[in-house]
Amino acid sequence: MTVRLSAAATPTAPALTLRPWRPDDAAALVVAHRDPGMRRWLVTHLDSEDDARRWVDEQSEGWASRTRLGFAVLEGAGRPVGHVVVKVVESSGGVAEVGYWTSAEVRGRGVAPRALDAVSAWALGGQGLLPLARLELFHASGNLASCRVAEKSRYVLHSVLPAQPPHFRTEGHLHVRRSAVVRRY
């Protein structure tokens, strides 16, 4: 199954294409993961093309099992400059978690909120793969840029969470976006 999503161009930025990750994206992943700003917030670091190919394989397995739907974010027809993922939290409860990152060269150009909004609208819009009614977005409370992305993408701050070392060393924010469609499970 191939899913392609898009986000319209803005007056200052090109249109975005979102598609599942492919093995030939490995080099772009390694370049993006060299950014210290991104490494500060991510749990997983891809240091080599072998690491990146294994990660892409995991994304493909996630699509096959419908547990992790990862999208490469491309500006125009270029190389990947970001990532948005929908991860199943409760298969019977209609809840999933979203995550995202953008590479250093596109930060501040609205790539993350446009990509996250496109994937969120698709995920909550009855896409046919997962019956979802709620998306949850977690980030470290000190990651102010991520908080702005969440708000721009219509995620409401739900609660402040305590630190959970070793992966989450500081307190965090939980943002929530709900489907406009009421579903019964």
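## A walk through a predicted fold

Arginine 66 sits in the loop that links α3 (49–65) to β3 (68–75). Labels like these come from DSSP runs counted from the N terminus: a helix is an H or I run of at least four residues, and a strand is an E run of at least two. Before going on, some ground rules: this is a predicted model, where local features need pLDDT of at least 70 and side-chain atom pairs count only at pLDDT 80 or more, while totals for chains, interfaces and linings use all residues. Residues are numbered from 1 along each chain as its sequence is written, and side-chain values use heavy atoms, leaving out hydrogens and water.

Back to arginine 66: what is its phi? It is near 60°, a positive value in a residue other than glycine. Most residues other than glycine have a negative phi. With a relative accessible area of 39%, arginine 66 is partly exposed (under 20% is buried, over 50% is exposed and partly exposed is in between, using a 1.4 Å probe and protein chains only). Arginine 154 also has a positive phi, near 70°, and is in the loop between α5 (144–152) and β7 (156–161).

Now for the whole chain. The protein has 5 helices and 8 strands, and from the N terminus on they run β-β-α-α-α-β-β-β-α-β-α-β-β. Its C-alpha atoms fill a box of roughly 45 × 40 × 35 Å along the principal axes. The radius of gyration is 16 Å, which agrees with the value near 16 Å for a compact globule of 185 residues (taken over C-alpha atoms, with a rule of 2.2 Å times the number of residues to the power 0.38). Of the 185 residues, 47% count as buried. Looking at contacts (heavy atoms within 4.5 Å) between residues at least 6 apart in sequence, 57% join residues at least 24 apart.

Next, helix α4, residues 111–124. Its 14 residues reach 20 Å from first C-alpha to last, close to the 20 Å expected at 1.5 Å a residue (that is 1.5 Å times one less than the number of residues). How many of its 14 residues are buried? The count is 12, so α4 is mostly covered by the cut-off of under 20%. Among them are Val111, Pro113, Arg114, Trp122 and Leu124. After α4 comes glycine 126, which has a positive phi near 75°.

Proline 20 lies in β2 (residues 16–20) and counts as buried because its relative accessibility is 15%. Leaving aside neighbours within four places in sequence, it is in contact with Val3, Trp63, Gly70 and Ala72. Tryptophan 101 belongs to β5 (residues 95–102), and at 8% relative accessibility it counts as buried too. Setting aside residues up to four places away in sequence, the residues that tryptophan 101 touches include Trp21, His33, Met38, Val81 and His83.

Here is how each of these two residues pairs up with another one along the chain.

Last, the charges. There are 24 positive and 18 negative side chains, with the centres of the two sets 6 Å apart. Lys and Arg count as positive and Asp and Glu as negative, without His or the chain ends, and each charge is placed at NZ of Lys, CZ of Arg, CG of Asp or CD of Glu.
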